Every structure is written in C-alpha cells, then in structure tokens.
Amino acid sequence: MFKDKVAVVTGASRGIGRAIALQFAAGGAKVVLSARSAQAVEDLAAEISAAGGQALAIAGDIALTADVEELFRKAGETFQRVDILVNNAGITRDGLLLRMKDEDWDAVLDTNLKGAFLCMRAAAKLMSKQKYGRIVNISSVVGEMGNPGQANYCASKAGLIGLTKSVARELARRNVTVNAVTPGFIVTDMTESLPEKTKEDLSAQIPLGRLGEANEVAQAVLFLSSDQAAYITGQVLGVNGGMYM
Ligand code: NAI
C-alpha cells in the first residue's frame, strides 16, 4: 500500500508512534524514525530491517529548530523525498492551573505544538516541490473536551487542531493533505502508570467500555496517509471508543 513512499514518524520509539512506524513498514514504506532516545530508534530500525523493511533512525528534539532541520535534511538525503509526516511526539506535565509552573507550560507547548509546527514547515518545503504529501497530527480527545489538571496539554492539543486546519488550507493546492487524529485513552507508557481503579473508572466513561490500543490509532493514521484518503483534508478523526462525539 505504501511502496515507494517515505514516512517520517516523530516519537517513534514507543507507544503509538512505534505502532504507526511498524504498520507503515509492514505496508512497504521507507520509515524515518525520530525520537529523543538514539538507542530506542536504532533498535526499532534494526527490527524493521530484520523483517525486510527499510528504516532510518535519527535521534533529536523536535522542539529545537536545528534538530528538525537536520531530521528532514537527512531524510531527504537518504530517500530523496518525504511523502508522509506523522507528528506524534508528545509529552505531559500535568498539574492544576493554580500550581502550574511556567516550565511545565513551556515544555508541553514547545514539544506538542511548536514541534509539530517546525516539522510541518520543514516537510512542507519538500512536499510542495513534490506536489504530494500527507500530514497527520496526533492531537487528543482532551484537546476537544478539556481535562482538569491538563491545561497545558489540552491547550497544545487544541492548538494542534487549529494548526492542522490552517496548514490544510495553505497546502491543499500543492496536493498536500493535513489531518488530525484525536485518540482517547490508549494503553501505552503514558497511561500504563495509572492506578487500576482509575483505568476502570475511565473505561466506565467510554461507550465501547475499554481503553484503546496503539494499533487502533495507527490504523486511522495509515488510512489518512493513504491514497484512499486523497479527498480528506483539514479533518479531525476521533479514535476514542465513543467517549467524545
Ligand atoms: P509515549 O510517551 O509512549 O511516547 C512519546 C514519544 O514521543 C517517545 O518516542 C518520545 O521519545 C517522543 N518525544 C517526546 N518528546 C519529544 C521531543 N521533544 N522530541 C522528540 N521526540 C519526543 O506517548 P504515547 O502514549 O505513545 O503518545 C503518542 C502521542 O499520542 C502523543 O502526542 C500523545 O500526546 C498522544 N496521545 C496519547 C494518548 C494516550 O492515551 N496514550 C491519548 C491521546 C493522545
């Protein structure tokens, strides 16, 4: 399905990003794996190569312009093009508004929102020239609903939806689509640490009665990155078990 396509996935070392990278590789894409930990992305690249795929591991911080420029320079140099960008890297620094430190606000906005902006700006240069591109931004259901204790995170994820729609309008004439996926509660390292009782309470609020799997988010991302989704841009696709409609 993705033969000859080059896909850059940020935050690919674990969780949802890892699932997305593995599914792209299984679909025949050449995958560029970005995350903060060099060891983790190199291990994943080795795993993909061992299974017969092609992957390039590049460690860096997506909140830093220089690291992002380097990521896309190396991707372009190695594979000559970038067809797909998935802005998946994200962090949380939870706390109630009255106690939230400036550093916690800045760290979350820098990674989740500025990081996506930097990656889209760098990718758009290549995609505009190619007259082809698919960008998928991983937002969150709480960016749509709000969540106490996550003002910084929700602001970053809601901001990402506005960013998605603006860039979708800017790049449409270049045949570049830009969409957002808003996962609900997904079983990953981010949610694994929650107490069992909290997970049960969460499941009770979800019409489908369970947390989601990283692979289920990856399926939505692959669809929006495929040629089947050529006429879909500026949209927000919820993968949340029905918890927000
Ligand atoms: P995770 O914590 O398991 O993995 C995050 C990945 O992002 C790691 O690979 C990490 O190295 C990378 N990363 C973080 N900061 C970075 C930076 N500055 N530069 C480069 N890479 C960086 O997270 P998980 O759960 O897989 O989440 C992935 C995305 O999905 C995030 O954007 C998260 O906000 C979003 N999400 C997750 C949900 C969940 O329930 N797990 C629900 C809704 C959205």
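Entry 1, aromatic rings. I began with the rule that rings of Phe, Tyr and Trp (its six-membered ring) pair if their centres lie within 6.5 Å, with planes under 30 degrees apart counted as stacked, over 60 as edge-to-face and the rest as tilted. The model is predicted, so that local features need pLDDT of at least 70 and side-chain atom pairs count only at pLDDT 80 or more, while totals for chains, interfaces and linings use all residues. I also noted that residues are numbered from 1 along each chain as its sequence is written, and that side-chain values use heavy atoms, with hydrogens and water left out.

How many aromatic pairs does this rule give? I found one aromatic pair. Phe 2 and Phe 24 form it, with 5.1 Å from centre to centre and 80 degrees between the planes, which is edge-to-face. The pair links distant parts of the chain, since Phe 2 is in the segment before β1 (6–10) and Phe 24 is in helix α1 (residues 15–26), 22 residues apart. For these elements I used DSSP runs numbered from the N terminus, where helices are H or I with at least four residues and strands are E with at least two. I then looked up the accessibility of Phe 2 and Phe 24, and both are buried (buried means under 20% relative accessible area, exposed over 50%, and partly exposed in between, with a 1.4 Å probe and protein chains only).

The charged end of Lys 5 sits over the ring of Tyr 132, at 4.9 Å from its centre. The term asks that NZ of Lys or CZ of Arg be within 6 Å of the ring centre and within 35 degrees of the ring normal.

I found 29 residues around the ligand, and the closest are Ser 13, Arg 14, Asn 88, Tyr 153 and Thr 188; a residue is near a molecule if one of its heavy atoms lies within 4 Å of it. The shell around the ligand divides into 12 nonpolar, 12 polar and five charged residues, where Ala, Val, Leu, Ile, Met, Phe, Trp, Tyr, Cys and Pro count as nonpolar, Asp, Glu, Lys and Arg as charged, and the others, Gly among them, as polar.

I next listed some distances between polar atoms. A nitrogen atom of the ligand is 2.8 Å from an N or O atom in the side chain of Asp 61, and an oxygen atom of the ligand is 2.9 Å from an N or O atom in the side chain of Lys 157. An oxygen atom of the ligand also lies 2.8 Å from a polar backbone atom of Ile 186. On its own the ligand has 840 Å² of accessible area, and the protein covers 97% of this (Shrake-Rupley method, 1.4 Å probe). The elements that give two or more residues to the shell are α1, α6 (151–171) and α7 (189–192), and α7 gives the most, with three residues.

Is Gln 80 buried or exposed? Gln 80 counts as exposed because its relative accessibility is 62%, and I found Gln 80 in the loop between α3 (65–79) and β4 (84–87). Its phi is near 70 degrees, a positive value in a residue other than glycine. Asp 43 lies in helix α2 (residues 38–50) and counts as partly exposed, because its relative accessibility is 44%.

Key
A polar contact is a pair of N or O atoms within 3.5 Å; within protein, one must be able to donate a hydrogen and the other to accept it, and residues adjacent in sequence count only if both atoms are side-chain atoms.
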